Amino acid sequence: MNHSAVAACEAALAQIDRRNGETGALTDILHGEARQAAAEVDRKLSLGLEAGRIAGWCLAVKDNIDTYPARCSAGLSFLRERRPERDAEVVRRLRQEGAVIVGVAYTDSGAFGVLSPGVLNPRYPDLVAGGSSGGSAAAVAAGLCTAALGTDTGGSVRIPAACCGIVGLKPTKGRLPTQGVRPLSESADHVGVMAGTVARVRQVFEAIDPGGARPPATLTKAFVLGVPLDFFADARPEVRASMQRTMDLLKASGMGIQPVELGPPDSIIDAHVVLALTEAALAHEESTDGFGLSDYPQVAQEGIRFGLSSSATSYLHSTRSKANFTAKVEHALASVDALLLPTLPVSPPGRQAETVALGGRELGLLNALIRYTAAFNQTGHPAIAVPTGLGQLSHPFSVQLVGRLDGDLQMLDIAEMVENILGMPNDN
């Protein structure tokens, strides 16, 4: 470390004091606890003791991940005074590795949503911040922390990462534990990591999942990327143009580009909606909070009602669609090192937008923004959103890489190479 953990903590808290009121990124700030944790890191280092893999790093944690002793409401008004008795397992592991938790970050209510309406996008203030991990993305983008945890059930780490111009990782399903995370859809919920660069995302990921840690690759291998043109055929013209420039640059840099087939995303997205909302309805029914459906905000009520009304036939048909699409992804990845596609089918929409035109129809923002991300929550494959320098000046462009199951580290190797080729990393 070039400076003390206490100094880094004070700098982060000062930046939070300056910018959190403007961005709305953090909903509770742990001034005293953060200072105490930073002092303990410095004490260990002064004695020559092991302080952890990310000793002194200042992190924020999404509000639906239990973080003691913060208020952790998952964005739900009826839980606004809830303080967990202990940390979620991912937070416990971060603290064990020397992380300094500076606060908890805004989430859409119950993690239902992709807009984070209470958050201002720090880098692109006219655009939505994305969600539901919008507070985590904004905290990183505004320099309030070095990295942040989010959750991703249909794209809720990758979407705000794309909107705010940072890196967002959804690991292989099950790689990061969800104990102590408020459930939305058990089979699709993932804990994810957000930071300004792929290298920082990797370090936080490996701190939580130390079993898979290894040195980064030398990045000399000629990786081959599979591009599912049929999957994102309905992307907006500006997205397709940025993807073409992306492929041209990667190919010119020695990476292989190979077409693969996944088919259009319609059936797997329809299946995701049925499966995720049916599980959300089950999570609500099994909740011990003691609050009724009418206590939830409108968007959550609608989602839970949809899940409660889904038929067994619909659920089984969706399960079949999930299996069929997973097999297609596995087949595609058998011949390439990773898949490459846009993170979003459209440029991040403006803050006042309610719908976007896509494929000759008007879609609501939620359905549009999850269109290329939610599929991989259903398959469980690792996926990462990486910002590029290829978008319009006022609209960022993000590419998504999808790796083999449990191939998270190789995917991170590829992502770092792509980051180096496509644009300057964001070094917050």
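The legends below describe close-up views of a predicted model.

**View 1. The second largest cavity and its lining residues**.

**View 2. The aromatic pair of Phe78 and Tyr296**. The model contains 6 aromatic pairs. In the pair shown, the ring centres of Phe78 and Tyr296 lie 5.2 Å apart and the ring planes meet at 75 degrees, so the arrangement is edge-to-face, a class that applies to planes over 60 degrees apart. The pair links distant parts of the chain, 218 residues apart: Phe78 belongs to the loop between strand S2 (58-62) and helix H3 (89-96), whereas Tyr296 belongs to the loop between helix H8 (266-286) and helix H9 (298-309).

**View 3. Burial of Phe78 and Tyr296**. Phe78 has a relative accessibility of 13% and therefore counts as buried, the cut-off for this class being under 20%. Tyr296, with a relative accessible area of 7%, is likewise buried.

**View 4. A cluster of aromatic rings**. Here Phe231, Phe325, Tyr372 and Phe376 are joined into a cluster through ring pairs, a pair being counted where the ring centres lie within 6.5 Å.

Methods. Residues are numbered from 1 along each chain as its sequence is written. This is a predicted model: local features need pLDDT of at least 70, side-chain atom pairs count only at pLDDT 80 or more; totals for chains, interfaces and linings use all residues. Side-chain values use heavy atoms; hydrogens and water are left out. On a 1 Å grid over the protein atoms alone, a cavity is a set of points where a 1.4 Å probe fits but cannot get out, and a pocket is an open set with protein on both sides within 12 Å along at least five of seven lines; lining residues have an atom within 4 Å of a point. Rings of Phe, Tyr and Trp (its six-membered ring) pair if their centres lie within 6.5 Å; planes under 30 degrees apart count as stacked, over 60 as edge-to-face and the rest as tilted. Helices (H or I, at least four residues) and strands (E, at least two) are DSSP runs, numbered from the N terminus. Buried means under 20% relative accessible area, exposed over 50%, partly exposed in between (1.4 Å probe, protein chains only).
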